[in-house]
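Trainee: I am new to this structure. Please take one part and go through it closely with me.

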Amino acid sequence: MRRTGLLLLAFGLGLPISTPALAAGPVVVELFTSQGCSSCPPADAFLTNLAQDRRDVLPLAFHVTYWNGLGWRDPYSLEAATARQRWYARSLGGGQVYTPEMVVNGERAFVGSDRARGLAEIADATRRQAAPVGLQVARGEDGLVISVGAGKGQQGDILVVGYDPQHRTPIGRGENSGRTLLESNIVRSITPAGQWRGDAVEVRQPLPAGERVAVLLQAPDGRILSAAILSQAPGDQTPG
């Protein structure tokens, strides 16, 4: 029997009708952290768990710079990470920056070591998530080819994020002196790749710094409209 006939039969019998769900993109979880912050390792461990266990989540660790003068210079710190956190502080209304801070889908900010809050916010973002704008990223001859689908009445910035899957760092000074920190999905670069005005568009962009690549489509108010991860070639491995 054709699908239309099955739907009519189900309707007539008062049975529940099941239709295919639209696929949702990964929930983007951003952690603002620093190797100089003694409160950050539990948040880093939470992010590592998300990176290892949750395929429906894109966790990204942004290492900020404002701890660098307090005993230990974080080798993965980026001015762009600090600028992004300050932008969130303005857009989300908090006004202050701190570590560890976690932001889910560009909408909710909270203390990054609060696992219960983090899991609840991810679950809530998944429930509320509308069908994302079509977003794909692939390797081209000279770098990346990014394709964004149409989205009537929407707009946003296309951001290319380069990140390393994992690093272990012995800490020689500062609040974490003597510890060896395991950190995951460390952002090494974040590069604007153009603006999206609601029409389908294709953008070409050089490969960014970082071992892996993700692309974010972010609305002016901070909401993540869509996210995509560049597929890895067979045989790629996560360094320890």
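Mentor: Start with what helix 4 packs against. Its buried residues pack against strand 1, helix 2 (41–53), strand 2, strand 3 (101–104) and strand 4 (108–111). Buried means under 20% relative accessible area and exposed over 50%, with partly exposed in between (1.4 Å probe, protein chains only). Helices (H or I, at least four residues) and strands (E, at least two) are DSSP runs, numbered from the N terminus.

This is a predicted model: local features need pLDDT of at least 70, side-chain atom pairs count only at pLDDT 80 or more, and totals for chains, interfaces and linings use all residues. Residues are numbered from 1 along each chain as its sequence is written, and side-chain values use heavy atoms, with hydrogens and water left out.

Which residues of helix 4 are buried? They are G118, E121, I122, D124 and A125. These residues cover an arc of only 165° around the axis, so they sit on the same side of helix 4. The arc is that of the directions from the helix axis to the C-beta atoms. An α-helix has 3.6 residues a turn, so residues three or four places apart point the same way. Now turn to the face away from the buried side of helix 4: there you find the exposed residues A116 and R127.

Helix 4 covers residues 115–128, and its 14 residues should span 20 Å at 1.5 Å a residue. The expected span is 1.5 Å times one less than the number of residues. The end C-alpha atoms of helix 4 are 20 Å apart, which agrees.

The core has 22 residues, and V28, L58, L60, F62 and L216 have the most contacts inside it. A nonpolar core is a set of buried Ala, Val, Leu, Ile, Met, Phe, Trp, Tyr and Cys residues joined through side-chain atoms within 4.5 Å.

Take L58. Leaving aside neighbours within four places in sequence, its contacts (heavy atoms within 4.5 Å) include V28, Y163, L216 and I229. Apart from this core lies another, of 18 residues, among them I146, V160, A193 and A228.

Finally, the setting. The chain has four helices and 11 strands. Of its 240 residues, 46% count as buried.
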